[in-house]
Structure formats: C-alpha cells, structure tokens
Amino acid sequence: MEPLAKTGGLADVIGVLPKKLNEIGCEVRVILPYYKEVRNNLKRLKLKVRDLNRDVIVTIDWLPYKGRIKETTVEGVKVYLLANDNFYDRDHLYTTPHGDYRDNDLRFGFFSIGALEIAKALNFRPDIIHCNDWQTGLVPIALRWKRHYNNDLFFKKSKTVFTIHNISYQGLFGKDLLDKFGLSHSLFNPEQLEFYGRVNLLKGGILTSDLVTTVSPTYAHEIQTKEYGYGLDGVLRAVARSGRLAGILNGIDNEDWNPGTDKALYAHYDPRSLEGKYENKARLKNLLGFNTNGHVPLIGVISRLAHQKGIDLIVRALHRILDLGAELVILGTGDKGYERLLKQVSDDYVDNFRAIIGYNEAKARRIYAGSDMFLMPSRFEPCGLGQLIALRYGAIPVVRATGGLLDTIIDYDESRDNANGFIFDHFSEQSMLNTIERAITAYHDPPEWKRLVKNAMAQDFSWKRSSREYLDYYKTLFAGG
Ligand code: ADP
Ligand code: GLC
C-alpha cells in the first residue's frame, strides 16, 4: 500500500481504492504485514502508529505463532498492521534479488489467517473481505475449507472478493502446506488445491471466493486462454461461466500524479501550458548527460525488470531504437539478469542511453515528466499503471496490444482525433521498432504532436469510475439477501 510499502502497481491500487471507497460511503480497513519497509516509511512520513495492545495467535503445524496488532491512518484510511518480526522484519517483501523467501508459505499463511483473527479480535465484522493476489489466498480458502472457520458465526455473513493483479504469480508450495494450516488432505486434487503436484494458493483463492475480479476487461478475457492463463485458464473459464468473473480497470490517483503540483518536478505544467514540460525535459537530459541539440524525442521506461515487461525486446533492439534518432532512459529494478544486461549495454553508450538500476520514486516522476514517449512492450499486462501516469504527464505511450494497455491506449493511426498513443500487436523487435518509428514521425510534426500530448493529458483515468464499479459489484453479492 502506497506510501507504506511498494513493489509495483498493487501498492498504487491499495493506496487509493480504499480512500475512494470511503468517499462513496464504504467503511474500509486495510490489513498489511508490518514489513520493515512499512516501519521505515511510517517513520519517514512521521505517521503515528498505535500499538493496540492486542495479540493474535495463528497455529501453524500445531505451534502457536503470535502477531501484534498495530494501527495507523493513511489519508483517512484505517490500516491494521500485523507485526511479527521473525516473518516481516526483512529487507524485501516477497522476493530477494536471489529468489523468493523460502518460508513465504508461513509468512503469508500467517498473514491471511492473522487477518481473519484481527477482524475477530477487534470485533470488526466485514461485509466484504477483499483479497489481493496469492499472498491472501488462504483467507477465502480457510473460510470455505478450514473447519475452524467455515462454521464460524462471526464470518457467516461475510462475502469474499478476490482480485488477480497478475496471474503469473500463483503461490506454489509443497503439499505439506495443508498440514501446516490444518487443511484436509482430501483437498489435494486437481479440482481443488492441487496444481501439478503442488498446492496453488491463487487457484484456491479463485475457487473459494464469491467473486473474482481482475484489473482490466481485456485481461479478464485473456486469462481464460492458454496463452495468458498460466495453467489456470480452465479454472477461469469455469469461473466466468458461473458469472463470478469481472474485469474492472484500475485508475490512478489524480491528486498524487499531477504535473501541476508534483513536488519532485523541476517545473510544473498542465495541458494549457507545456513550457514546464520542456523545462523538465531539458533538466532531465542534462542530468542524464545527454547533450544532443535539436528536436530529438526522449523515450522513458519505468518498470520492474521482469520477463513480463519485455525488457529483453528493448535490449535486443536498443541499437536500432537509438538509430531511429531517439534517446532512451530506463529506470528499473528486479531480475538480476536484466539488471546486469542493462548495466553492460549502458556502458556502450554515453550520449543517448542510460539505465538507472534502482527503485526511486522522485526519479520516476522526473522521467514521466521529462519524456516525450513512454515505452511499455509488455508480453502481458493485467492493467498497467505506467501508461496511465505517462498520459497524465504528457509522455505518449508506445505499448504492446495486451491487457489493460489495450483498454486504455488508442492508436494514432486508428483514430487521429481520439488517439493517445501508439500500439503494436506482435511481440517482436520489428513490430516494436516500426511503431516507435511511427511515433517518431508524428513527433517531427510539432503542432500535431502538441495536440496529441494535450489529448493524452486530458484523459481521465481516475478512480472515480472504478471505485463505483467495485461498489456495484460488492452490492451484487448481497442482492436478494
Ligand atoms: P507492475 O505492477 O506490473 O509493476 P504497473 O504499471 O501496474 O506495473 O505499476 C508500476 C508502478 O511502479 C508505477 O507506479 C511505476 O511508476 C512504479 N515503478 C516501477 N518501477 C519503478 C522504479 N524503478 N522506480 C520507481 N517507481 C517504479
Ligand atoms: C500487477 C500488474 C499490473 C497492474 C498492477 C495493479 O502488478 O502487473 O499490470 O497494473 O498489478 O493492478
């Protein structure tokens, strides 16, 4: 949850959706692990944390594990933090540069069951328990299939909603997870928790929730196909047939992402006056050591360095992108292989390419503001927030036609009047290059480009619509009762 802990877009979503739901009449509480990063950010932001003087106990493998409940408030949203230093006082959230933490089953099983126990300890009876990604899979699984909870009157009226932010992360563990969390061995079959010899928490979450959502309409279709379903397409087709699957597009926080007020920028701007944007570009280029003069487009990439994001395509085509007469800056962190590769190629260029390895919010903001184009050649993209932020900052998205990218970007050649970016279909260097070339051609028609930038900046992908949509879906779960 932004600004407490973040590895990607999920944090943006949890940072704003609860706030927006509160505004339209819900009463939302967020539950997070008390990660080291959370503690540091609370300190940095000078946010007060209250120790509620209450513990919850979660039994794992017959042993009691204790968690302390803390509470803070972020922009009016009440947040409960489940503290257990042994599990969460670590440098990363789920994954280290060398791979996942080995005890993630315990860490997130403890979190999921702990969340239910927090609700009980505080006597907060939720109508809706809204879970996100595999880390929370054990919440609906326990409510449906764990003896202690499925007949617990406390949760009798609670409905569960499960949002898939990325189906490629599924939470796969050995069969012994069942023993650890007191689940029956009879659940270990392909119709329930088993997935090719392992326990799959995402699959369990999908099967046992009252409603499954994902973060864009196109992705809701894609995950029902072999190509994008990561082995769960059959399960999702069944869920869709039963009317339990919905695609709800994410938004962005328009107050937070606002080039008119963003404190990290060198100058502020808005669609009526783009002078500030040009100033941001000049300062950014200076910082990057790009000293080209003249009308050269600057392309930005801000991304987790993961297979999903098509970073390999950029690396392979790098030379040719620069040959098209563009400059490129990449800010990212993640997979060590990509980090190494980018550092290596970065050394070959000085004037027109830089790879900045690391996670840095202020730099990200300056790149969104200083770039003319924003490149996102994703293999798949459940929603994507990068392109939405880029639109808001007037960096024209050049994206691959998949998931939320397809739902938010309109190609320039498809409809000049409504266009806000450029799209390519085929995941290949050549189609990406052809599309970058189309964008560069448009860039060299300044009045036309300015029109495109203004159009992009005027788009509204705020949470207003999406939060209403979530609320409408929540309500369907209580229709008739
Ligand atoms: P994903 O969640 O798959 O990583 P999204 O596009 O939904 O992709 O969200 C990415 C979010 O993370 C955006 O807010 C983006 O600005 C931010 N981000 C990604 N990488 C970095 C980085 N290296 N430094 C700062 N912010 C980053
Ligand atoms: C995931 C997806 C991304 C989406 C984000 C928030 O990280 O990769 O596409 O925008 O979740 O839902």
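Which helix gives the largest share of the shell around ligand 2? Helix H1 (residues 9–23) does, with 3 residues; helices (H or I, at least four residues) and strands (E, at least two) are DSSP runs, numbered from the N terminus. This is a predicted model, in which local features need pLDDT of at least 70 and side-chain atom pairs count only at pLDDT 80 or more, while totals for chains, interfaces and linings use all residues. Residues are numbered from 1 along each chain as its sequence is written, chains are lettered from A and ligands numbered from 1 in the order in which they are written, and side-chain values use heavy atoms, with hydrogens and water left out.

**Ligand 2**

- Ligand 2 has 14 residues around it, and His-165, Asn-250, Glu-381, Cys-383 and Gly-384 come nearest; a residue is near a molecule or strand if one of its heavy atoms lies within 4 Å of it.
- This shell is made up of 6 nonpolar, 6 polar and 2 charged residues, where Ala, Val, Leu, Ile, Met, Phe, Trp, Tyr, Cys and Pro count as nonpolar, Asp, Glu, Lys and Arg as charged, and the others, Gly among them, as polar.
- A polar backbone atom of Cys-383 is 3.0 Å from an oxygen atom of ligand 2.
- The protein buries 92% of the 310 Å² that ligand 2 exposes when taken alone; accessible areas come from the Shrake-Rupley method with a 1.4 Å probe, and for residues only the protein chains shown count as cover.

**Ligand 1**

- Ligand 1 is surrounded by 22 residues, of which Gly-9, Arg-304, Lys-309, Tyr-368 and Leu-385 are the closest.
- The shell around ligand 1 holds 8 nonpolar, 9 polar and 5 charged residues.
- Asp-12 places a polar side-chain atom 3.2 Å from an oxygen atom of ligand 1.
- Nitrogen atoms of ligand 1 lie 2.9 Å from a polar backbone atom of Gly-358 and 3.0 Å from a backbone N or O atom of Asn-360.
- On its own, ligand 1 has 570 Å² of accessible area, and the protein covers 93% of this.
- Two or more residues of the shell come from each of H1, strand S14 (298–305), strand S15 (327–334), helix H15 (361–370) and helix H16 (386–392).
- S14 gives the largest share of the shell around ligand 1, 3 residues.

**Lys-6**

- Lys-6 sits in the segment before H1.
- Lys-6 is buried, because its relative accessible area is 15% (buried means under 20%, exposed over 50%, partly exposed in between; 1.4 Å probe, protein chains only).
- The Lys-6 side chain makes a polar contact of 2.9 Å with the side chain of Asp-12; a polar contact is a pair of N or O atoms within 3.5 Å, and within protein one must be able to donate a hydrogen and the other to accept it, with residues adjacent in sequence counting only if both atoms are side-chain atoms.

**Arg-320**

- Arg-320 belongs to helix H13 (residues 311–323) and counts as partly exposed, at 37% relative accessibility.
- Leaving out residues up to four places away in sequence, Arg-320 touches Glu-429, Gln-430 and Leu-433 (contact means heavy atoms within 4.5 Å).
- Arg-320 and Gln-430 are 110 residues apart in sequence, with 9.8 Å from C-alpha to C-alpha.
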